[in-house]
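Student: I'd like to learn how to read a few features in a structure like this one. Could we go through them together?
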Amino acid sequence: MSFDALRAQLREAAAALADGPDALEGILLGIVDDVDHAEREPLEIFPVCHHSPASAVAMARRLRQKQPKVVYLELCEDMAPLLTELRNCRLPVAVQAFATEVDGFPAEWAPLSVVAPITEASAEYQAIAYALDTPGVELVLVDRSSDHVFQWDGPKQNPVDAEEESALHGDAVGVEIGDLRPRFAELEEHLLHHGRVRHWSEWWHQYVELPLGDSDHDTYRQVMLLIGSLFRRLAPGDPRRVRMDEDRERYMWTRMREHLAAQGIDATDALYVCGAFHAVSRVAEFGVRGSDTFEISPRSASTWQYGLIPSSHAAIEAQFGLASGSVSIAATEWAKNVKRTRVQPFRLAGQAGAKKPPKLPAPAPATEPGDKLSGFLRRPPVLDRLDEAELLGWSVEIVRAARRNGYLASTADAIAVYETSILLAGMRDRAKPTPYDFQDAAITCIEKDGVPGRRDVGRIVEIMMGGDRIGRVGYDALPPLARDVHDRLAPLNLKLDQRGVRRALLDITAEPELKACSDVLWVLRYLMPHGAARPIMGERRLGERPIQESWDLALGTHQRALIELGYEGVSIEQVLEQRLRRTAYDPQATAATVLKAVEDATLYLRGQRLADELGTRALEVLSTERSVDGAPEVLRRARRLLAYYRTNEPVLPQWIESFVKAGYAHYCTLLPTAFADEDATVHQVAAMLGFLFSMENLALSLGCDRTQLELAFAQSHPREPQKVALLWGAQVHLGTLSRAELRARCAELLGNPLVLPAYPRYLSGFVHALEAVPGLADFVVEAVSTAFRTLPDPVLLPWLPTLISTLRSGGDELAPLLIREAGRIFPGRLAALDEWVPPWLAQPAPLVNRSARRSAQRATLLAAHPATCDAVASLLGLAGTPTGAELVGRHPETAVAVEALLG
């Protein structure tokens with residue numbers, strides 16, 4: 001094959017455009033040399049562009065003509081075992097490599113994830129389907145492994161779209177076959193401007209997809225090689241990216257030569273499918289006769305897991321920066337190309353809708369390709385005639401869809417969209433409106449000023465053109481964990497593999513076998529993203545048994561998250577146990593976080609073994625803490641666990657007893673420092689006191705010394721008003737301060753105009769003291785009521801906002817206790833309020849007179865019935881002494897004192 005004629009024409013064109021030979025001539029002639037170089041390679045190179053319907057049609061046609069024995073595919077070589085599972089899926093799906101435990105990479109990179117999305121309208125799927133379903137054909141993936149992706153390129157920060165369908169790939173690194181886009185920004189801008197299009201996807205559709213849709217194999221191949229060479233030669237010289245691209249090409253050619261040599265295969269019986277950018281490589285390792293100097297580095301020691309996850313058109317567009325709706329339009333174009341060209345595409349046997357493949361015809365004899373580029377470049381563009389029926393159908397359908405979404409569209413709008421589409425196509429030098437022209441026309445004519453619903457007109461057009469098709473991984477292609485989850489939830493009789501929300505009703509009392517389903521759902525709620533398993537009715541608490549539950553389940557929508565759980569273990573219980581251990585043994589773990597892990601282990605796994613292990617870890621972490629930041633959380637969780645063990649276990653676990661002992665000593669040691677430390681909040685100090693007071697009986701029974709607590713309070717000298725009030729409340733509990741003394745101190749504060757502005761902070765301290773001394777609630781109500789009763793309005797009104805904000809910010813959890821106490825003390829009716837006297841102001845009735853009167857009555861009874869006292873004297877061996885009646889008569893004060901003592 002000779003391109004001499006094309007070279008001469010390009011040389012003349014370069015001289016005319018540049019007024020003489022210069023760099024332009026070198027670029028144009030170099031492009032032709034690249035095409036010629038790739039065409040002469042004995043191993044046929046098939047250049048493709050990712051998710052291109054023209055590439056897919058050309059691939060299907062070429063595979064039926066050539067019928068190669070080996071297909072080399074530009075895809076991560078370690079993903080090969082998963083490809084056969086594509087027959088159990090509904091495309092699009094993505095092949096994923098996932099590593100949670102990294103060895104050889106920075107820990108902050110974890111988890112590592114690589115995805116390779118596959119759609120039906122792609123050349124790679126045609127190659128995979130042909131190779132897997134044709135006897136005697138071998139499929140070999142030759143691109144760098146997933147491990148090498150991170151070795152060479154590192155992690156990438158992919159934008160995660162808030163839309164659910166766009167986030168199906170998460171933050172995984174995407175790999176694609178045939179990334180074909182100008183890397184020279186000015187070139188892309190020039191092409192878009194002169195092509196009168198908005199974005200690259202539209203330019204590619206108009207100027208590459210449509211002209212190549214009906215072309216023969218040689219024309220398609222040479223044009224794609226030309227485009228790849230053009231973008232390669234006009235790419236900016238980023239050394240890092242150039243080196244990575246060339247290393248990938250060296251890697252692939254090295255793998256192919258190794259396989260050809262090992263299997264003894266003739267290069268003419270193989271087909272190499274790669275991106276057009278890599279098809280025109282000029283590295284020394286290029287070709288079956290290239291050098292063998294490239295050394296492939298070993299993989300790291302990271303453990304990689306592999307699986308299939310659902311993908312979508314929107315996820316592919318977001319992953320690779322394509323225009324919204326471009327993949328859906330490509331899928332529609334693929335269906336039209338297949339129908340128009342009558343090419344029989346390949347489909348994996350077993351996929352939904354797949355028919356029995358026809359028998360392959362005899363391979364076409366090899367022919368020497370001619371120069372197809374010259375004719376293609378000289379040929380004027382073929383203008384498709386206007387398909388009025390198609391455009392009219394689009395116009396009617398968009399109006400119907402717009403009305404369903406709240407737009408006030410009518411028949412007049414359909415006519416306007418039809419005419420505007422033709423007008424825009426004419427302005428852009430197109431005889432036939434493209435889907436992009438139609439989309440612009442619909443937005444102009446229908447959307448007008450606003451969007452009445454969730455979807456704008458542009459999104460409605462994308463849905464109408466094929467929609468955002470979302471793939472699904474079949475049951476047989478799921479990892480063992482995901483299959484186990486579906487099996488265990490089978491009694492619910494719900495189609496959980498489908499997208500959308502399914503309502504599950506569990507009457508566990510009537511059907512006890514559903515309790516196992518409930519256990520699975522609670523673990524899934526813990527492990528999976530919000531919305532995958534959402535309880536509507538029912539809750540799980542320590543010591544409680546479920547009766548009835550209602551759930552909204554969306555496991556089909558969150559299938560990727562369920563599949564990724566399968567990379568961590570073979571059952572959800574194993575994954576949960578691993579995560580709890582990872583949390584507990586994290587270097588940054590606190591006693592509160594470890595206690596939460598203990599509670600979760602008890603709540604979801606039921607077994608005591610893991611809870612005991614994590615409880616011992618909580619004890620170790622607590623002993624190393626030097627701050628009280630986690631004291632409130634420690635108090636809440638320790639109380640819950642202690643209450644659970646006391647009601648459900650015959651004896652307390654050893655670790656909880658040790659934790660209470662260590663916690664008692666630990667918080668006694670830190671108490672004086674916490675009272676004086678400005679960084680320690682009153683809430684944290686109150687939680688410490690709550691732990692000490694509520695756990696005191698158990699701690700003392702286990703051998704702790706109360707002297708520790710007394711010494712801690714003796715050394716505590718707070719200065720902040722809140723902590724001072726907190727200390728006073730604790731002293732009342734200990735008995736070192738009486739209520740009368742506390743009442744006097746509060747009265748002194750109210751009488752001091754210098755301290756009065758800080759009095760709300762004292763009240764806040766009293767409120768926090770209820771955490772440790774709940775019996776102080778009546779006094780707090782008294783203190784607030786006294787302040788409102790005694791303070792004048794000029795003082796009270798400016799002071800009131802500070803009081804409310806202080807109580808709300810610091811005592812919201814204890815407010816119900818105060819409200820109950822106030823309800824007990826204050827009258828329940830408004831009419832009784834005028835005559836009501838607060839208990840702390842009411843004068844107690846004299847007790848001495850009443851006691852004396854009762855004593856006199858009882859002394860008279862004893863004198864009238866002396867036999868009783870004589871019997872008591874006989875029992876005590878005092879029969880010869882004066883009788884009890886005589887003694888009472890002589891000394892009545894004794895009976896009076898006893899009566900007063902007994903109240």
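Predicted model: local features only at pLDDT ≥ 70, side-chain atom pairs only at ≥ 80, totals over all residues.
Student: In what order do the three strands of the open sheet come, and is the pairing parallel or antiparallel?

Tutor: The order is 11-13-12, and the pairing is antiparallel. Strand 11 (502–507) and strand 12 (533–537) are the edge strands, each pairing on one side only. From one strand to the next, the twist averages 25 degrees.

Student: How many bridges join strand 11 and strand 13?

Tutor: Six bridges, in the antiparallel sense, with strand 13 covering residues 548–553. To find your place there, look for leucine 506, which stands opposite glutamate 549 in strand 13.

Student: Which helix lies across strand 11, strand 12 and strand 13?

Tutor: That is helix 19 (residues 515–527), running at about 50 degrees to strand 13.

Student: Where does helix 25 have a kink?

Tutor: First, the general idea: an α-helix has 3.6 residues a turn, so residues three or four places apart point the same way. Helix 25 (residues 654–676) has 23 residues and reaches 34 Å from its first C-alpha to its last, close to the expected 33 Å. Its kink, about 40 degrees, lies at leucine 670, shortly before proline 672.

Student: Why does alanine 131 count as buried?

Tutor: Buried means under 20% relative accessible area. Alanine 131 counts as buried because its relative accessibility is 5%. This residue lies in helix 4 (residues 123–133). Leaving aside residues up to four places away in sequence, alanine 131 touches Val137 and Leu139. Its C-alpha is also separated by 8.4 Å from that of lysine 69, 62 residues apart along the chain.

Terms used. Residues numbered from 1 in each chain as written. Heavy atoms only, no water. Helix = DSSP H or I, 4+ residues; strand = E, 2+ residues; numbered from the N terminus. Buried < 20%, exposed > 50% of the residue type's maximum accessible area, 1.4 Å probe, protein only. Contact = heavy atoms within 4.5 Å. Expected span 1.5 Å × (residues − 1). Bend = angle between axes of the 7 residues up to and from the residue. Pairing = 2+ DSSP bridges. Axes fitted to C-alpha atoms, helices over the stretch in contact; angles between N-to-C directions.
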